Number of protein chains: 2
Amino acid sequence: MATPDTGAGTQTPGKPRLTREAVLAKALEIVDADGADSLTMRRLGQELGRDPMGLYRYAENRAALLDGVAELVLDDLSLTPSDPDWKGQLRTLAHDLRLLALRHPNVVPLLVTRPLSTPLGLRPLGTLRPLEQILSLLVKAGFRAPDALHVYRAYYGFLYGHILNELQEYIVDPDENEALLRLGLHRLPPKEFPRLRSLAPALVEYDGAEELDQGISILLAGLESQLKRQQDSASM
Amino acid sequence: MATPDTGAGTQTPGKPRLTREAVLAKALEIVDADGADSLTMRRLGQELGRDPMGLYRYAENRAALLDGVAELVLDDLSLTPSDPDWKGQLRTLAHDLRLLALRHPNVVPLLVTRPLSTPLGLRPLGTLRPLEQILSLLVKAGFRAPDALHVYRAYYGFLYGHILNELQEYIVDPDENEALLRLGLHRLPPKEFPRLRSLAPALVEYDGAEELDQGISILLAGLESQLKRQQDSASM
DNA sequence: GGGTAAAGTCTACAGTGTAGATAAGGCAAA
DNA sequence: TTTGCCTTATCTACACTGTAGACTTTACCC
């Protein structure tokens with residue numbers, strides 16, 4: 001099969017020495033295309049032109065492989081903790097994460113469930129970095145450290161919740177979307193689901209970015225007033 | 001279909017005719033005990049004393065079985081849409097869901113991921129009922145229907161987000177908890193994770209109910225002000 | 001009885017993750 | 001060069017998965 005490229009030197013050509021990054025990248029490709037269940041060792045091996053067993057050099061498990069994929073995706077996120085406009089930073093972070101989720105919808109289940117099986121302290125550093133950065137951002141903004149933690153939780157909680165929500169209503173083909181939606185809603189017994197049925201039009205024209213933004217505004221307003229209160233009581 | 005049975009008599013004893021409820025209950029038992037991955041047709045069959053193939057009468061798939069488990073758990077939720085104290089209702093609903101998640105932590109991944117593979121309109125009615133009830137509650141509270149939808153999304157989003165957050169930090173044995181946590185945090189490079197490391201004590205004394213309640217307060221305050229604004233502009 | 005449909009059981013197949021044995025290569029010392 | 005050794009690659013095998021399809025048994029109605 002397709003032995004491309006040089007391979008350079010002693011290495012038998014066509015096998016330019018795998019790297020963990022290459023493996024994870026291909027794994028992400030598969031997950032994006034067909035979902036996490038379709039990521040099997042055999043398939044990954046085949047698409048890399050390698051023996052499936054060889055992959056165990058780059059990931060201890062299939063589970064570890066999935067963790068790697070999640071981490072790889074999260075690596076795209078970045079924020080600048082030094083920015084004094086903490087609310088702005090949080091807001092753009094939220095939109096970045098949202099776009100990232102829309103770009104890799106099949107990875108989202110991994111993002112939200114895999115951490116459940118690993119205690120916080122033992123997670124890969126890549127997943128903890130955003131947490132550290134946000135904490136830093138918030139402390140610089142004036143929150144006491146423990147409060148920063150609470151804010152982080154509230155914010156990320158809301159963020160992930162929104163993403164799950166949006167993805168649930170997200171369907172690829174917008175034409176089919178409306179049809180499917182109406183079809184599905186029509187199936188509901190009118191007596192029992194009057195509200196939901198009447199909301200069909202509203203459901204169709206869902207604007208995730210707008211919705212997210214409004215939620216964030218509410219949250220940030222609340223958090224800021226909390227910050228004010230705290231600073232006042234501290235200066236007494 | 002469903003010969004309404006009488007049970008009793010002719011049926012060979014020890015095989016009192018399975019019901020879908022019984023199957024799902026046992027399935028939930030297994031998931032609670034060992035996680036969703038451990039729910040195999042063969043094991044479920046064995047624990048029910050039946051041929052694994054027979055289970056396909058009560059669920060089309062293994063996937064459908066998992067959906068059934070999720071639905072079964074959600075059935076425990078209830079709220080009274082006629083209550084005029086909508087904020088109170090939402091708050092207790094939140095705590096109910098939280099407790100439910102803590103009681104069935106292994107089901108939470110199903111709760112958040114399974115809907116991602118089924119368009120909203122085609123979900124089992126049991127999963128849509130809470131949505132309808134909340135919409136009804138909010139409309140009675142004065143929200144216009146489309147806004148009620150937005151509120152629902154914001155609320156549930158936050159709620160699920162919180163649950164995921166809390167479950168991530170939740171470890172069964174609290175003694176081991178502290179140890180593990182410190183151990184894990186100690187592993188982090190101090191230069192790169194100063195905030196996180198210093199927060200070890202705060203991480204240990206995590207109070208999920210309190211945290212949830214505060215978040216809800218923030219959210220509800222924001223939502224109520226939105227409601228007021230809307231009503232004002234409507235009465236002009 | 002006879003006939004029909006449902007419920008239960010068995011076998012088989014294609015696919016999974018991965019342990020463990022085996023082979024092939026690269027490099028250092030003798 | 002020959003010998004030994006260690007890392008990497010490949011192969012085989014095993015226990016286990018979901019489930020299609022054929023088959024057997026049971027329950028019930030006429």
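**View 1. Chain A and chain B meet through the same surface, since 100% of the interface residues of chain A are also interface residues in chain B.** The model shown is predicted. Each side of the contact is built from 56 residues, 56 from chain A and 56 from chain B. Together the two chains bury about 5,400 Å², and carbon and sulfur atoms account for 68% of that area.

**View 2. Chain A superposes on chain B by a rotation of 180°.** The shift along the rotation axis is 0.0 Å, and the RMSD of the superposition is 0.1 Å. The two copies are therefore related as by a two-fold rotation axis.

**View 3. Six salt bridges are found across the interface of chain A and chain B.** One salt bridge joins A:Arg153 to B:Glu169, with the closest N and O atoms 2.8 Å apart.

**View 4. Several helices of chain A supply the side that touches chain B.** The elements giving two or more residues to this side are helix H5 (108-113), helix H6 (125-141), helix H7 (145-169), helix H8 (174-187), helix H9 (194-198), helix H10 (200-204) and helix H11 (208-235) of chain A. The largest share, 16 residues, comes from H7(A). By residue class, this side of chain A holds 35 nonpolar, twelve polar and nine charged residues.

**View 5. Residues 17-77 of chain A carry a UniProt annotation, "domain: HTH tetR-type".** The annotation comes from an unreviewed UniProt entry. Over residues 17-77 of chain A, the chain is 59% helix and 0% strand. The end C-alpha atoms of this stretch lie 28 Å apart.

Definitions and conventions
Residues numbered from 1 in each chain as written. Chains lettered and ligands numbered in written order. Predicted model: local features only at pLDDT ≥ 70, side-chain atom pairs only at ≥ 80, totals over all residues. Heavy atoms only, no water. UniProt positions renumbered as here; feature names shortened; annotations may be inferred. Helix = DSSP H or I, 4+ residues; strand = E, 2+ residues; numbered from the N terminus. Least-squares fit on C-alpha atoms with pLDDT ≥ 70 in both. Contact = heavy atoms within 4.5 Å. Buried area = accessible area lost by both parts, 1.4 Å probe. Salt bridge = Lys/Arg side-chain N within 4 Å of Asp/Glu carboxyl O. Nonpolar A, V, L, I, M, F, W, Y, C, P; charged D, E, K, R; others polar.
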